[in-house]
Amino acid sequence: MLKPRRAAAATTRLRFRTVLIGLLILTVAAGFALVAGTGELGWQRVLAEIGAQLTGGTSPLSEREAAIVWELRAPRVVLAGLVGAALAGAGAAFQGVFRNPLADPYLLGAAAGAGMAATIVVVLTPAVTTWFIGPLPLAAFAGALGGVGLSYLLGRSAGGKGTATLLLAGVAVTAFLTAIQTFVQQLNTDTIKQVYTWTLGGLNVTSWREVWVALPYVVLAAVVLCACARLLDVLSLGDAEAASLGISPGKVRVVILATASLATAAAVAVSGLIGFVGIVVPHIVRLLAGASYRVIVPMSLVGGATFLILADYVARTALPGELPIGVVTAFAGAPFFALVLRTGKGRSL
Amino acid sequence: MSRLRIPLLLLPLFAVLALTGCADREPEGETASSAQGQFPVELHPEGGKAVTIEQRPERIVSLSPSTTETLFAVGAGDQVVAVDSFSNYPEDAPTTSLSGINADPQAIASHNPDLVIVESDLDDKLGDALAKTGTQTLVLSAPSTLEQAYEQFRLVGKATGHADEGADLATRTKEEIDKLAADAPETSGSLTYYHELDPTFYSVTSATFIGQIYDLFGLTNIADQDDPNALGGYPQLSAAHVVQSNPDLIFLADTNCCGQNADTVAARPGWDTITAVKENRVHAMDDDIASRWSPRIVDLVRTVSDAVAAAGR
């Protein structure tokens, strides 16, 4: 048996190694997605272009082909990583806060709020396009935060202290906001298609602008959530135990909820609604890498980024046209999830 | 699904209500028997059920924008009492809140029509319901070729007592379009194009009705890729694919809906490297004209013709 301090040091080393391996896989996935995209650019020529950019040599790519790599493909890969990290990290945080493995960024009214706000904006200003940072992403952002805030206020005013009350409030808020969205859509059938495309989620209309919009929120959320991971571990012991350790469970919940909601809102604003990532990635991480949030949170961020980069690669290459990315995340995530459960590691759930 | 099912279950009720409402109304057809020997007329629409119309319809409801435009073009405009919410042309069309996609027989019957023209009627549900109110339903499904579109002009003419005007419209439209295609410069064979339906890069392949119009000019569609029939002819492309394909011509059918124009296209990242953008060959079209098989299709063909002529220079 190791002495406690040496054991802790060994755990920390293990944790760092796990995250390091995760980052390595992420880098490989991102590189692959950048080099092996659609179109017949040829991966050797893209590699040569990247080499030329790094060393200042001459590239075999034409101006147009270089624009495809740097203006279209690269931001898409980066944004997929940011959105995946935001959704999976927020999912891990929600699951920790509610001590409920089924909690998900979308369960608390974030998606419904974003969808409703986006619908209203599309209806009011039909000439607004969905592909620059105009009123639509801003409305989605505000709507996502509003939906979560409403759920939180309703859950609190309902008086229940447990997390179940909050989740139920989220369900009620989601149902109500979705009803408003459907009602507005029925009144304005000619804009349904625009809203529909947006609700399927997707990164096909991506530029560096979206990346710069999402980046600060996702980075901020990642830092805060990693810093709070230890508090999530304490919360998982129960509110009384947390209080006895000198931690106010209520305050911790508010901080983590707000952070995770912000990350979700940023992701929703730039990519539309991409389901499944927030619930499945933290689960897979938990099954593979243990139950401590000090591993689950950073690994969910890294794993979510990797997962969505690969899912987006499939979305843009599997068919002659684009495949909605939500379809890919469900197709790829669900069977893998089932497989991991079956290997027997699911007993820890 | 559930949203759809409840109204369908209520159909018999609506029909009964509409029927009782009709009982003490004077028969509309009596005054219309002046149509000289053209009726009864038997119609065989492509992909729809054969219909026999006994008398000249005096109160027509149109539930498709394309049909509405055709009705007015053949001179049956003053017989039209109501059109669906998408029918916005011509200006004096009596636009209502009726929906052609989720048609409500009760709302339609309240306009007291004797003929309803609709684009699709799954399992004849609408037709059966309206039949109980003494209204005939004519299903004119979307044509897949220009010939079928011309045939619909003739059919709408026959159905409304304007057989000669319908036939004349079909002939004139065909001649104009054929002439535009014939006058196009020979160089068009090597030109590629991208037809944009919305700013998320939904497009059409050459296997669609719209795609066939570009085919008249021998243009090559960048959305075809290996199989024009893939994804029902309406694939969503990636920006990378469009830029990589480097089309010579870009046609925007998302100007009204989504505010797109040559400037917004040029401002998209990487798109300034596309030949069509560099050579000012981004053509804004009226969304409505570019998505209907109405007589205004000539305007669409003219836009394409002008674009090809300009590119050929």
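A salt bridge is a side-chain nitrogen of Lys or Arg within 4 Å of a carboxyl oxygen of Asp or Glu. The model is predicted, so local features need pLDDT of at least 70 and side-chain atom pairs count only at pLDDT 80 or more, while totals for chains, interfaces and linings use all residues. Residues are numbered from 1 along each chain as its sequence is written, and side-chain values use heavy atoms, without hydrogens and water.

**Exercise 1.** Describe the interface of chain A and chain B.

Solution. 
1. Count the residues in contact (heavy atoms within 4.5 Å): chain A gives 31 and chain B gives 29.
2. Find the buried area, which is the accessible area (1.4 Å probe) that two parts lose on being put together, summed over both. For chain A and chain B this is about 2,500 Å², with 61% from carbon and sulfur atoms.

**Exercise 2.** Describe how domain 1 and domain 2 of chain B meet.

Solution. 
1. Take the bounds from the automatic or database domain assignment: domain 1 is 41-143 and domain 2 is 184-312.
2. Locate the C-alpha centres of the two domains of chain B, which lie 32 Å apart.
3. Count contacts: 11 residues of domain 1 of chain B touch seven of domain 2 of chain B.
4. Take the area buried between these domains of chain B, about 870 Å², to which carbon and sulfur atoms contribute 57%. S66(B), E69(B) and P143(B) supply 54% of what domain 1 buries against domain 2, more than any other three residues.
5. Count salt bridges between the two domains of chain B: there are two. R296(B) and E69(B) form a salt bridge at 2.7 Å, N to O.

Notes. Chains lettered and ligands numbered in written order.
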